[in-house]
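Thanks for making time. I'll walk through one model, from the overall layout down to single residues. Here it is.

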Amino acid sequence: MEVDIQEVLAAINTLYDSQLQDRQKHDQASKWLFQLQRTVQAWKVADQLLHAKRDVNSCFFAAQTLRTKIQLCFGELPVEAHSSLRASMLEHLGHITEHTYQGIATQLCVALADLALHMASWDDPIGDLIAQFGNQSSSGNLVPLLEVLIAMPEELHSRQLRLGLNRRKHLEEYFRVKVISIIELLDVAVSTEGATKESTHLKALRCLASWFNIHTEDWGMLTSTCLVNDILTVVRNPQVAPRLHEIATDCVCSAMIMLEAERIPTLAEVLFAGVLQLGDAYHMAVALEDINAITNYARIFSELGETLVEVMVEQPGQGMGSLQVLHLLVTCIGHHDWEVAEITFNFWYKLSEVLYRKNCDSVNEQFKPYVERLIEALYRHCQIEPDHDSILVQQDDFYEFRERVQELIKDVVFICGSRLCFLQMTQVVSSPDVAKNWNLMEAALFIMQSVAKNLIPVNSHFVPVGTSTSTLQSVAKNLIPEEDEVVPPILEGVLNQPDTVHLQVAFTSVQLLGELNEWVACHPAFLPHVLQFLTKRLHNKHLATVAAKALDAICQSCRDHIETHFDALLEVVSSLDGLSVSNEAVVGLLKGVAFILGRLPPQRIKTDMRRLCTPQINNLRKLIELLLSLTHHSASPTTAGSHHLTPTTTTTTTTTTTTTTLPPHPPLCRASQCSTNENNSCVCSVDFAHVTSRMQWPQCNGITSFSPRHTQPALNYLSEGTDRQTEAVQDENVPFEKNTAGDPVVWLDRLATVFRNVNPNVQNGEQHPCQEVVMEMWPTLSQTFQKYSSDLRVMEHCCRCLRFAVRCVHQQSAPLLSPLVEQIVSLYATHGHSCFLYLGSILVDEYASEPGCVGGLLAMLEAFTQPTFILLTQPNGFRDHPDTVDDWFRLCARFLQRAPVPFLQCGAVNTILECGLQACMLDHKEANSAVLKFFQDLVEAGRKQEDQPDFETRRTLVDTIFNTHGEALVANLVTAAVFILPQYMHHDVAETFFQIMQYDRPKFCLWLETKLKVLPTKNSGGVDAVSRVELVEFHKTVTQAERTKEITRALVDFSRFFS
């Protein structure tokens, strides 16, 4: 189909018309041109527009189109068309001058560079370009030549080109051969045209910086040219043009990075000696207050330090290991601008890594003075302006810088020792001048935070909850002997602060106490004073949030000593809604309090958990009541308009009966169907006919290990009104502000935090102390489902709350099972929120091991299947709904783990498998991981637990599935790993392959061979991407692998042939 060039020009004019008021026409033009770029005709149209040279906009669009087509769609062109495209491109480049619009020149030059990389039949593109556009040519034109040469090394490793590993290797070797030609070209360019024309000088140095990415020993030839002396001359003079100084700096830095990989002594000596002589130039730049030049010098010194850091640690003070570069770096850190100091951070990180691996105290001692000076300089940089009268906000750049300072100090402090660092800041605080200046005091306290966690005894029995082995090892070097000299004076000073202290000082002091939580755990005598101090700060709206976070930290670490203070903490929690505390902080404090609650006696847990949960559920209930009242009166003239929901929060700590006008909740158990079996366990049989005619719950024999007396209080609590039909509540578009009292998520998150962190030890046969409380919360949570059913965010948090409620009491949540499943199935069919699938997977995990519950849970699965299948089979359904894919296959995997035989025999399994075969190629990390975990569990279902009576049945069912779908699964996974998935996702594919091989290695070998035979072996440029030998080697490596890591490495390497 021919495209009218005039129509294209009209669309371009519309797209770039700044006077056009009709946004719709603009969008239509943009969409039409985008569609044009995706067609084969776009090649011809772009070439015609460039020859026409109608205007800048049309030429820019054409150049951009050519670049995009060559990058992404080069395979559209037949091989015989490549030469004519090259000739046309070279013709267009010949018209580029220094006056050409830069955007057009850049697009065309990058397009030609990409063409040269793709076009295997172009044997010597660099030689041909130099011959046509170089100084020796009659039509010499360095402008496009240098731009193309700049782009070539940069584009070589662009994954958009999908050159393939073999083509890249060939090009890298070719580029290494051409380095001498590039050096000769640039030497002539700089010494002739570049000497008088700054633009040529700039491009030549940019080209040199770009080509330093090609690592070869031939760079040693630079010392016999003017280039090294030229770039050093430029960087030594801070008064040259800023852009030229910046490009020369790029050259020096790129050269030093190259010298890390290629040891070229002649070049290294000249370059490093030149850099080490830049100290005077740096001081001149400081005197001139030229921040750009200062920044450039900091970059150069940092890069030199990173290049030589290994040598400095191995041979400190000798030869290339000279510590002179450390003096230069410390000088940069001493600059008054913190942005200059920040440039050096990467060097200090690298130094700490090398010293940590070296693990030699005598070597550390040589670097210790520099680290002490670093910390002292960072202390100065962290000082806030004296006239600052509030607290730093997180959006402030300076706030982010101080956070990075803390991270750096944590990394390097082992070199000088945490105690010494803390003592260093203690001496600063003791200075009379500091006592008079709040910002100096605050900065010292801020630095102390960085090492406060390390100030615990080596032999302390305290281990923070969740601390991993690797984390313990990483901090081991910072642990110190019993610390009772340095910290106590600081702690006493903080606890005795006057109320008039500057707000930022108070804020940082509270943060410091939070960081000293582990020290306080080892010195419990300070605990009452710390609790009193932090509780008092809760009443200051500026300090309330950070004080609540500090209290949470104290609760977590001091769990062995804080039980006597538990009642006071409960009072604090109950008063938080009356204070200016963020919900995040309240949740954090609830977490700490709930954690302690789980260690109390059972009766105390039941009572105090109700005290924690009742205010939250009452506020949620009031919120729903307010919504209902607005719904009932929305037609009234006096209530018309927008309503913002801010109910009065409930802070009472006693359990009271609240009269409510809520519609009746779904019953937990229907009285006519609830009885007990011979084991005195609950028997629930509910037919959800209005949801799905197949969803029935047979008798749940043995579903719980607790007697009916344990469930009866909850049933009595919810028995009122169960004979009435549940009233349908329609959603109203009533706005509420997030994270305020009008946001139901606030109260749901608080409940979830309590359920999640109260973990008492309950023996078999005992009633869980939290069971009654969980049942009391259900009616309101059910009403939340109904009222906010169309709000995805609220539904996700409500499901999360119920997830932790079920996890809290485990199978003693049995009375919830029937009504909860009925409700989430109905809501999922209506709204399609994937969180209901996830909640379903939690129920399967808890109850599918009980045979009496499997039928009902499978009915739930089948009810979920149809709406899920409809959603995912839409165009781009898998890509547009990754959360549904994730939660759906998590649910299916739970069935395979808990009830494999009933699941594999259910009617929905074929639909699930077909979806899984497509979903395994989805490049969404969590969704893809869930799908592959499902297939891994499917394999395990057929090979694990051979001693179980259902093994033969499982094996037969899995055999049938793999005979039908195994080859397609392996083929799709190879396609995904090679063409779709990023390398960091290859591990899950490798794990799946490994599991299949464990199950049936011969069949896997055959399936993999079949797929490899049909893989495309040529890239978009018509070049062989992979040879038969490499295919055979990949097959051999994978099929003979004994570990997943071997397959992962093979997949990563193999995918590079095609990327």
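How many helices and strands are there in the protein? There are 49 helices and 2 strands. Helices here are DSSP runs of H or I with at least four residues, strands are runs of E with at least two, and both are numbered from the N terminus.

Ground rules next. This is a predicted model, where local features need pLDDT of at least 70, side-chain atom pairs count only at pLDDT 80 or more, and totals for chains, interfaces and linings use all residues. Residues are numbered from 1 along each chain as its sequence is written, and side-chain values use heavy atoms, with hydrogens and water left out.

Burial first. Of the 1059 residues, 55% are buried. Buried means under 20% relative accessible area, exposed means over 50%, and partly exposed is in between, with a 1.4 Å probe and protein chains only.

Now contacts, meaning heavy atoms within 4.5 Å. Take those between residues at least 6 apart in sequence: 75% of them join residues at least 24 apart.

On to the core. A nonpolar core is a set of buried Ala, Val, Leu, Ile, Met, Phe, Trp, Tyr and Cys residues joined through side-chain atoms within 4.5 Å. The largest one has 359 residues. Which of its members touch the most others? They are Trp219, Trp348, Phe755, Phe785 and Phe903. Look at tryptophan 219. Setting aside residues up to four places away in sequence, Trp219 touches Val179, Ile183, Leu208, Trp211, Phe212, Ile214, Met258, Ile264 and Leu267.

Aromatics next. Rings of Phe, Tyr and Trp (its six-membered ring) pair if their centres lie within 6.5 Å; planes under 30 degrees apart are stacked, over 60 edge-to-face, and the rest tilted. That rule gives 25 aromatic pairs. Here is one of them: tryptophan 338 with phenylalanine 398, tilted, at 6.0 Å centre to centre and 50° between the planes. Tryptophan 338 sits in helix H18 (residues 338–343) and phenylalanine 398 in helix H21 (residues 397–416), so the pair ties together parts 60 residues apart in sequence. Both tryptophan 338 and phenylalanine 398 are buried.

Another pair is tyrosine 828 with phenylalanine 864. Their rings are edge-to-face, 5.1 Å centre to centre, with 85° between the planes. This pair links distant parts of the chain, 36 residues apart: tyrosine 828 is in helix H38 (residues 814–831) and phenylalanine 864 in helix H40 (residues 851–872). Tyrosine 828 is buried at 1% relative accessible area, and phenylalanine 864 is buried at 0%. There is also a cluster. Phe889, Phe895, Phe903, Phe934 and Phe935 form one aromatic cluster.

A cavity is a set of points, on a 1 Å grid over the protein atoms alone, where a 1.4 Å probe fits but cannot get out; lining residues have an atom within 4 Å of a point. Points are joined across faces, edges and corners, and a volume is the space filled by probe spheres set on the points. The search finds 6 cavities of 30 Å³ or more. What lines the second largest cavity? Glu98, Leu142, Val143, Leu146, Glu193, Lys197, Ser199, Thr200 and Lys203 do. Helix H8 (142–156) and helix H11 (198–211) are the elements that give two or more residues to this lining. The lining divides into 3 nonpolar, 2 polar and 4 charged residues.

Val143 from that lining has its C-alpha 9.9 Å from that of histidine 99, 44 residues apart along the chain. Histidine 99 lies in the loop between helix H5 (82–94) and helix H6 (102–118). Histidine 99 is exposed, at 71% relative accessibility.

Most residues other than glycine have a negative phi. Asparagine 739 has a positive phi of about 60° and is not a glycine. Asparagine 739 is exposed, at 55% relative accessible area.One note on the lining classes: Ala, Val, Leu, Ile, Met, Phe, Trp, Tyr, Cys and Pro count as nonpolar, Asp, Glu, Lys and Arg as charged, and the others, Gly among them, as polar.

Terms used: On a 1 Å grid over the protein atoms alone, a cavity is a set of points where a 1.4 Å probe fits but cannot get out, and a pocket is an open set with protein on both sides within 12 Å along at least five of seven lines; lining residues have an atom within 4 Å of a point.
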